[in-house]
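Subject: The structure we talked about

Hello,

Here is the structure I promised to pass on. Please have a look at it first, and then read on for what turned up.

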Amino acid sequence: MTTATSTFSGHIRRRRIFAMAFAVLCAAATFVAIGFLGLLLYDVLKQGLGGVSWDFINSYPSRKPEEAGIKAALWGTIWLMFMTAIFAVPIGIGSAIYLEEYAPRNWLSRIIQINISNLAGVPSIVYGLLGLALFVRAMQLERSVMAGALTISLLILPIIIIAAQEALRAVPNSIREGAYAVGATRSQMVFRQVVPAALPGMMTGIILALSRGIGETAPLIMIGALLFVPFTPDGPFSRFTVLPIQIFNWSQRPQEEFHQNAAAAIIVLLIVLLTMNSIAIVLRNRFQNSHRG
Amino acid sequence: MARTDSSAGSPRSRVKPRRDLGARALNIREIVIHGMLLACALVSVLTTTAIVIVLLEETLAFFQEISPLDFFGGTKWTPLFTPANYGVLPLLAGTLLISIVAAAFAVPLGLLTAIFLSEYAPSWLRSIIKPILEVLAGIPTVVLGFFALFFLAEDIVKPLFQTTGLFSALAAAIAIGIMVIPLVASLSEDAMQAVPRSLREGAFALGATRFEVSRRVVVPAALSGIMAAFILATSRAIGETMIVALAAGSTPNLTWNPLEPMQTMTAYIVAVSLGDTPQGSLEFRTIFAVAMTLFIMTFAMNLFSQYLLRKFREVYE
């Protein structure tokens, strides 16, 4: 009897210790994952902070590392982001509205939906090859901002569609029924009631997708966004370079000084991306609160 | 998906005399809007079709000159040199090795993070950690490549393993692992959150500890969702380009030693497009054959992970 009780309590103690150890392990794993982000930011800041200056932001690339800057790349990134938004946002939202509000439950809708999820997983470099064959060669857009923006648009389209679909799904059905009840047609219901209600959620998805787009490097290397561009784009058909390509180029050089430039350019790129991410997170929190309230 | 089956205009059309010009204009408007939205949705189908056509066209042209047996069976990849060899195995092996090491690194960390977020963390802590993980997920891969080359390779791998060269598969694989941790964590957490509360409560009522509930109830119940996350993460690792282009080196290398430099399929494609290989030549076509291989591999993995996810949803929703 006594031995049974003592093995029982010993068993319990062992189970409790296991439970404790596992909790600590899980927490540790989480903080290791977050720690990597901290380590990365620390390393980049340490290497690059000395290189960030107004001259750096406002100079063209150069063969001399101390004179080189990111003016062409920064403006190229801004051009690329706006032109990508022009193509990707209307098509992405349109697709999402079709799939959520219009599509009948048939094989075509199923294929479109499965296809979108699959496109989201296609490696970005494959989009680069598509852009090279379709936009650069077949449509003869050459290595222009236009070709780059079209390529990146196709790349981020699935992300925008999936995010916009989630935003539309979050709109309560009572709003749709209310609109129908007062005699609205389907398009009136969708565009005057449902889309405005889903807009903040959609904006979050769009901003996150665009920030993914301006961080992309591989597809733009494929379509041949030039590595040495000592000018800012002067129109949609101008040649261009972007920050990630400039970072890649500088990282590959043997000279240490260029690595500092790469780190400094990373700081600028991360500031742009973190700003966009925080706007997206603030928007989403507002959106969630408004639905709860 | 479709909220009503009849279109909004149809009840009106039964009352013929009252169907005035305004109503007809409204009906045409509805049809036009419907058509435009459908056209938007079809862009994504066209994208897939275009990818397949572009890759297939160039790959078939490539296979007319090089036999598929040499391509898939050869152990030497030197298309840009003489004598040229077109065996894709070294690139394939490099890609798989790096992806497996990356997954071995990211899967335990991501899964434990997911368990922590789903089963342990109080809601205030979750609301801090999740945005941080999202920021990590949003770091551009070229930045992770920089980190792999100038921190992981230079300050960790090189002193730790006493290697001579800077490039190694290991540094690139760790950076890819860091890249996919947030993906594994957030997809696995979603799967665990979908496990009904009653299952957990039943186990707690029997006196199970939190560890036992996680290991014996939540993880098994969410297993197909977690598997889908692993497969998706591996597929992402296979397709990753900039990290390997910067940190893994540029020599095709058929070895299982992760401390050696090696080239992946994606890094080869980048290397060729940065060089001065004339477009339309056999050398240039190699990148389409390699990309086709890459596309088929990732496509199959994505389809499989979606199948698992769908099965998982059928159980709990």
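Two residues are taken to be in contact if their C-beta atoms, placed from the backbone, lie within 7 Å. Please also keep in mind that this is a predicted model.

With that in hand, let me begin with the interface between the chains. By this criterion, 75 residues of chain A are in contact with 75 residues of chain B. On the chain A side, helix α1 (residues 2-48) of chain A supplies the largest share, with 19 residues. The chain A side that touches chain B is made up of 48 nonpolar, 19 polar and eight charged residues.

Next, chain A as a whole.

One helix pair in chain A may interest you. The axes of helix α7 (residues 173-181) of chain A and helix α8 (residues 186-214) of chain A come within 10 Å and cross at roughly 150°. Angles over 145 degrees count as roughly antiparallel, so α7(A) is roughly antiparallel to α8(A). The crossing of α7(A) and α8(A) is right-handed.

Which residues bring α7(A) and α8(A) together? From α7(A) come A:I175, A:R176, A:A179 and A:Y180, and they meet A:Q188, A:M189, A:Q193, A:V194 and A:A197 in α8(A). Sorted by type, the residues of this contact between α7(A) and α8(A) are six nonpolar, two polar and one charged.

Finally, the domains of chain B. The domain assignment of chain B gives domain 1 (10-65) and domain 2 (89-316). Taken over C-alpha atoms, the centres of domain 1 of chain B and domain 2 of chain B are separated by 36 Å. Where the two domains touch, seven residues of domain 1 of chain B are in contact with eight residues of domain 2 of chain B. The domain 1 side of that contact in chain B divides into four nonpolar residues, one polar and two charged.

Best wishes

Conventions. Residues numbered from 1 in each chain as written. Chains lettered and ligands numbered in written order. Predicted model: local features only at pLDDT ≥ 70, side-chain atom pairs only at ≥ 80, totals over all residues. Axes fitted to C-alpha atoms, helices over the stretch in contact; angles between N-to-C directions. Helix = DSSP H or I, 4+ residues; strand = E, 2+ residues; numbered from the N terminus. Parallel < 35°, antiparallel > 145°, perpendicular 65-115°, else oblique. Left-handed = near helix turned anticlockwise from the far one by under 90°. Nonpolar A, V, L, I, M, F, W, Y, C, P; charged D, E, K, R; others polar. Domains from an automatic or database assignment.
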